[in-house]
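Here is a short note for a colleague opening this entry for the first time. Please keep the viewer open while reading the points.

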Amino acid sequence: MKKRKIREKIFWLGAVDWDRRLFDSLIPLPDGTSYNAYLIEGTEKTALLDTVDPPMAENWMAELSEVPKIDFIVSHHAEQDHSGSIPRVLERFPEAKVVVSPKAKGLLIDHLRIPETRFVTVEDGETLSLGGKTLQFIYTPWVHWPETMVTYLEEEKILFSCDFFGSHIATSDLFVNDPGRVYEAAKRYFAEIMMPFRSIIEKNIQKLKGYDIQMIAPSHGQIYDQPAWIMDAYRDWVAGDPHNLVVLPFVSMHGSTMQMVDHLTAAIVGNGVRVERFNLAVTDIGKLAMALVDAATVVVGTPTVLAGPHPLAAYATFLANALRPKAKFLSIIGSYGWGGKTVEILAGMVPNLKVEVLAPVLCKGVPSEADFGALDRLAGAIAQKHKENGFT
Ligand code: FEO
């Protein structure tokens, strides 16, 4: 796509990946994505902020051929969807330098073999004048790797935030025009890559409080020309209390676990608690991650396979442990044929979660009245715990 003007001498110059449906061979992209690079022309120097994913580089370099000079390539983040085309830009502009944090320099040498002589490192808070346009670099670690930083364009009060505040959406609209849609995509993105680093991200948000930010230009998705709501959303996601919500990922083989899930769902709802359930045989794992942002309780439902949890239940549990949601309670329900160690195995897979484990309910074969009674008690215990903690 051609470069598009944002403000005077400030342009979007990225690539829209309309058809991509998976990121990192893991994360579903139901709406595609974009890799947003930005061009800022000062009276003396020109800077390119980030690049695009290498598979998009061929067409993108053609757009770049209309740019007469680039003095600096600011690399906010070494992951290749933003940095991967830097070598091509350096080849095209032999005088250009890559502006990075010292940590990013090391990563870019490791990942892209960029020669050491092509870098300029900047400290936290350092500025770079392009002539009438001043870039201030702000370290914001773990959004989403340890080296990440953002750029604040002082004269225009624009924050170029890379992954921070980003959303995976492919669209022809440069600016946010449907906040509801972007909220969901941004939340999904936060859940998938930033949720594990909540406390550090909270510090980054605090750090940004000192800046008058009138626009946020991320490196995925649309530009926020009214950025207050996305910053408020991030504050809620990182620091807000869990909601009065149970997330219930499950899988069933012959129907017994499904019967238990159906019964428990109704019992939880009957106790005034919301439920989001995900049949792991068919679910979009990104939606599960998104629900985990708010969940106060997670209940995993699984049949017993080869003496342990079904692999899909193990996968979801592994993922939940890696994403470190703020859930406070956990339980396990399911069925078995003759024995097994399902509960022990699953409970041992969540060392990162600071959860209280509520009494699991496992039944032999199809659930009996006694098993349904145990599920009713579990639903009651969940509701009581949520009430005691004031989750709403
Ligand atoms: Fe969009 Fe962490 O890269």
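How many Å separate the centres of domain 1 and domain 2, taken over C-alpha atoms? The separation of those centres is 38 Å.

1. Ground rules. This is a predicted model, in which local features need pLDDT of at least 70, side-chain atom pairs count only at pLDDT 80 or more, and totals for chains, interfaces and linings use all residues. Residues are numbered from 1 along each chain as its sequence is written, and side-chain values use heavy atoms, with hydrogens and water left out.

2. Overall layout. The C-alpha atoms fill a box of roughly 80 × 40 × 35 Å along the principal axes. The protein has 12 helices and 23 strands. These are DSSP runs, numbered from the N terminus: helices are H or I, at least four residues, and strands are E, at least two. Of the 392 residues, 57% are buried. Buried means under 20% relative accessible area, exposed over 50%, and partly exposed in between (1.4 Å probe, protein chains only).

3. Take the contacts between residues at least 6 apart in sequence: 71% of them join residues at least 24 apart. Contact here means heavy atoms within 4.5 Å.

4. The two domains. Domain 1 covers 4–239 and domain 2 covers 245–386. Such bounds come from an automatic or database domain assignment.

5. Buried area. About 1300 Å² is buried between domain 1 and domain 2, and carbon and sulfur atoms give 60% of it. Buried area is the accessible area (1.4 Å probe) that two parts lose on being put together, summed over both. In domain 1, the residues that lose the most area to domain 2 are Lys187, Arg188 and Met195. Together they account for 37% of what that side buries.

6. Polar links across the interface. There are 3 salt bridges between domain 1 and domain 2. A salt bridge puts a side-chain nitrogen of Lys or Arg within 4 Å of a carboxyl oxygen of Asp or Glu. The rule also finds 5 residue pairs in polar contact across the interface, both residues at pLDDT 80 or more. A polar contact is a pair of N or O atoms within 3.5 Å; within protein, one must be able to donate a hydrogen and the other to accept it, and residues adjacent in sequence count only if both atoms are side-chain atoms.

7. Histidine 82. This residue lies in helix α2 (residues 80–83). Histidine 82 is buried, at 0% relative accessibility. Its side chain makes polar contacts with the side chains of aspartate 81 (3.1 Å) and aspartate 163 (2.9 Å). Beyond four places in sequence, histidine 82 touches several residues, including Asp50, His77, Cys162 and His220.

8. Glutamate 156. Look in the loop between β14 (149–153) and β15 (158–162). Is glutamate 156 buried or exposed? Glutamate 156 counts as buried because its relative accessible area is 17%. Leaving aside neighbours within four places in sequence, glutamate 156 is in contact with Arg7, Ile10 and Lys133. The side chains of glutamate 156 and arginine 7 make a polar contact of 2.8 Å.
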